[in-house]
Protein chains: 2
Amino acid sequence: MTHHEPTHRWIVTPQTARFTEPLVLQSGAVLNGYELVYETYGRLNADRTNAVLICHALSGNHHVAGYHSEQEKRPGWWDNMIGPGKPIDTERFFVIGVNNLGGCHGSTGPSSPNPDTGKPYGADFPLVTVEDWVTAQARLAEHLGVERFAAVVGGSLGGMQALQWSIQYPDWLDHCLVIAAAPKLTAQNIAFNDVARQAILTDPDFNGGHYYGGPGPKRGLRLARMLGHITYLSDDVMGSKFGRALRSGSYQFGFDVEFEIESYLRYQGDKFAESFDANTYLLMTKALDYFDPAQDLEGGLAEALRPAQANFLVISFTTDWRFSPQRSREIVEALLSNKRNVSYAEITHGHGHDAFLMVDPYYHGVVRAYMEKIKL
Amino acid sequence: MTHHEPTHRWIVTPQTARFTEPLVLQSGAVLNGYELVYETYGRLNADRTNAVLICHALSGNHHVAGYHSEQEKRPGWWDNMIGPGKPIDTERFFVIGVNNLGGCHGSTGPSSPNPDTGKPYGADFPLVTVEDWVTAQARLAEHLGVERFAAVVGGSLGGMQALQWSIQYPDWLDHCLVIAAAPKLTAQNIAFNDVARQAILTDPDFNGGHYYGGPGPKRGLRLARMLGHITYLSDDVMGSKFGRALRSGSYQFGFDVEFEIESYLRYQGDKFAESFDANTYLLMTKALDYFDPAQDLEGGLAEALRPAQANFLVISFTTDWRFSPQRSREIVEALLSNKRNVSYAEITHGHGHDAFLMVDPYYHGVVRAYMEKIKL
């Protein structure tokens with residue numbers, strides 16, 4: 001492995017693409033115009049064969065790598081995976097990160113002005129699905145002059161988008177990397193999402209979704225994020241990182257923070273409630289719940305994936321209990337039954353679902369080796 | 001097996017015991033007087049050797065079997081286990097159910113009048129621990145003329161109380177039945193409890209715990225219960241009972257209830273929020289978090305259980321992910337290393353943690369066989 005560490009910060013600048021052709025959503029609602037904010041890394045080659053699309057997960061966005069400024073505290077959310085000399089090597093690939101429709105980091109979403117009223121959409125922003133995101137991402141590709149992706153890549157909800165790409169635009173991608181994902185949510189997955197949504201929807205400051213200019217449902221969003229974090233980590237890593245450790249060494253017999261795990265969760269909840277939009281959180285969890293390409297198909301997932309032509313790399317993590325390896329194997333088995341090319345790696349990792357965001361030599365080695373073999 | 005089905009309803013009447021000797025709690029706080037509400041089933045024999053104490057779990061109470069009236073819709077919470085001819089046979093045993101201190105079903109708790117102010121304790125009710133409950137239960141035993149229990153029995157948090165009995169009053173019990181329990185909570189267990197507590201504590205109607213006479217933190221308590229229910233059921237049973245079934249057959253693209261699992265959880269949450277006291281919920285979850293008899297002991301759980309003299313029946317359920325079989329095995333191994341008599345049954349059951357409340361022929365058969373062998 002050759003690493004080309006930049007000697008100074010790699011500064012990226014978000015771009016905005018404006019679309020004026022109406023987008024008919026899966027719900028039947030229509031967006032007459034919308035913007036998508038995106039970032040690119042590396043250069044599109046002359047043959048336009050080296051583009052890689054990165055699809056983000058629930059709380060992610062377009063800022064996948066590098067820094068926005070010399071002052072920014074942390075790089076993009078997948079900076080350990082994407083960059084010069086990294087597993088998804090931007091010296092070879094032209095990488096695109098995009099904030100999905102309905103997001104809260106620049107793309108048109110609930111906090112954007114509703115052209116009909118001039119006020120933020122709030123609850124009037126239509127629900128969007130994984131299919132809608134893929135459609136919008138395809139328009140962005142056209143906007144960027146990309147007619148075909150070397151690969152579409154995503155983890156968790158991002159992996160579902162990559163999978164949907166292979167079904168919806170089978171001719172547009174050569175490779176599909178589906179990481180820590182599932183072909184659909186289980187009842188338990190939906191149940192966790194519903195508790196998170198109810199926390200937001202029943203927050204008195206939610207105000208029916210029209211809370212911009214007010215305090216907003218920060219209490220509810222904080223609870224949703226705390227709950228989410230429990231499902232992102234394995235029981236084991238919670239045990240080894242926090243265990244039953246007490247902040248002050250002894251029981252306080254009150255309701256202030258006592259255990260280190262409480263401190264961690266509340267910090268994560270507080271931070272998220274200040275930086276994320278609750279309406280977007282609601283939309284994202286609904287898109288998760290709705291995703292089920294095999295819905296109503298007698299032939300199940302194999303039938304749903306029949307159109308797919310891409311080559312696949314499917315990756316799961318042993319201690320992920322949100323989307324366990326078994327869920328990835330369902331995807332692998334459906335693809336194999338369709339005689340597609342599939343590589344599958346089940347990574348032994350202690351961290352649970354969040355492992356897909358972490359540095360792990362074996363995991364990164366698998367992605368690097370796969371990406372290196374892609375012919376441009 | 002002989003079943004003696006009563007030809008008409010078995011009516012039980014709760015009793016109240018008043019204690020005036022001050023109770024010094026583990027926190028150092030003192031309750032100068034308190035009441036415990038309890039029920040008894042069957043008759044104490046002349047030698048007073050047939051008493052069985054049932055310890056309740058998080059949302060349980062003293063009403064373990066039978067009906068309070070001809071009109072009552074549902075019997076006590078463990079009516080399938082306890083009664084004439086049932087696994088814990090009230091024709092042979094004198095069974096006691098008690099609502100724990102801090103409860104909200106008649107025993108002194110946060111909604112009881114604080115003698116210092118004449119108003120409900122609210123947040124001024126002291127935190128109570130499993131040790132405190134056992135102390136209070138021992139006083140109730142004395143009050144009832146019971147000097148020794150044939151068995152102390154409990155599931156989940158109730159199992160922790162049974163275990164604590166064996167440590168705290170080793171001479172007072174011949175047998176200890178610890179069902180679907182754990183020797184202490186993991187970080188993940190505490191994390192779920194903390195999210196539940198934060199839902200209540202941050203509800204604007206919580207009012208610092210002094211909410212009696214007002215609406216009270218029903219939103220928060222509802223969320224806490226919804227979350228709890230996810231952990232009481234296995235992923236499998238949620239899948240087989242609810243799966244991805246939709247109430248109306250198709251996506252509605254809104255935030256009203258759509259999936260059957262959502263309907264179930266919200267119903268459970270609503271029902272609980274109307275009938276349970278949030279301050280009690282807070283106390284009970286703290287008692288769970290604090291329970292750790294091996295805390296600060298170099299010899300761990302084996303050292304903690306060294307005083308125990310009882311014979312043990314430990315039972316776990318294969319799909320219980322709240323307190324998995326591994327947690328029960330920790331108890332078994334500690335007892336075996338102390339050369340105690342232990343029977344252990346790992347019941348194959350699909351329902352998860354809540355299985356301990358359900359009818360299962362093998363599970364009930366194990367309890368029945370164990371209870372039948374107890375010499376009086």
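In the predicted model, helix H3 of chain A (residues 187-201) holds both Asp194(A) and Arg197(A), which are 3 residues apart, about one turn of the helix. Their side chains form a salt bridge with an N to O distance of 3.8 Å. Asp194(A) has a relative accessibility of 0% and is therefore classed as buried. Arg197(A), at 1% relative accessibility, likewise counts as buried. The search of the whole structure returned 32 salt bridges over all chains.

A salt bridge is also found between the side chains of Glu258(A) and Lys286(B), at 2.6 Å from N to O. This pair crosses between chains: Glu258(A) belongs to the loop between helix H5 (235-241) and helix H6 (260-275) of chain A, whereas Lys286(B) is part of helix H7 (residues 278-290) of chain B. Glu258(A) and Lys286(B) are both buried.

Within chain B, Glu35(B) and Arg18(B) are joined through their side chains by a salt bridge of 4.0 Å, N to O. Here the pair links distant parts of the chain, with Glu35(B) in strand S4 (residues 34-41) and Arg18(B) in strand S1 (residues 15-19), 17 residues apart. Glu35(B) is partly exposed, since its relative accessibility is 29%. Arg18(B) is also classed as partly exposed, because its relative accessibility is 48%. Salt bridges with shared partners connect Asp194(A), Arg197(A), Asp289(A), Glu262(B) and Arg266(B) in one network.

In chain B, Glu258(B) is located in the loop between helix H5 (235-241) and helix H6 (260-275). With a relative accessible area of 2%, Glu258(B) is buried.

The relation between the chains was examined by superposition. Chain A is superposed on chain B by a rotation of 180° with 0.0 Å of shift along the axis, and the RMSD is 0.0 Å. The two copies are thus related as by a two-fold rotation axis. Of the interface residues of chain A, 100% are also interface residues in chain B, so the copies meet through the same surface.

Lys218(A) lies in helix H4 of chain A (residues 218-232). This residue, Lys218(A), has a relative accessible area of 36% and is therefore partly exposed. Apart from neighbours within four places in sequence, Lys218(A) contacts Asp203(A), Ala273(A) and Glu274(A). A separation of 39 Å was computed between the C-alpha atoms of Lys218(A) and Ala345(A), which are 127 residues apart along the chain.

Cys55(A) takes part in no disulfide, and the nearest cysteine sulfur, in Cys176(A), is 8.5 Å away. Cys55(A) is buried, with 1% relative accessible area. For Cys104(B), the closest cysteine sulfur is that of Cys55(B), at 17 Å, which is too far for a bond; the cut-off for a disulfide is a sulfur pair within 2.5 Å.

Terms used:
Residues numbered from 1 in each chain as written. Chains lettered and ligands numbered in written order. Predicted model: local features only at pLDDT ≥ 70, side-chain atom pairs only at ≥ 80, totals over all residues. Heavy atoms only, no water. Helix = DSSP H or I, 4+ residues; strand = E, 2+ residues; numbered from the N terminus. Buried < 20%, exposed > 50% of the residue type's maximum accessible area, 1.4 Å probe, protein only. Least-squares fit on C-alpha atoms with pLDDT ≥ 70 in both. Contact = heavy atoms within 4.5 Å.
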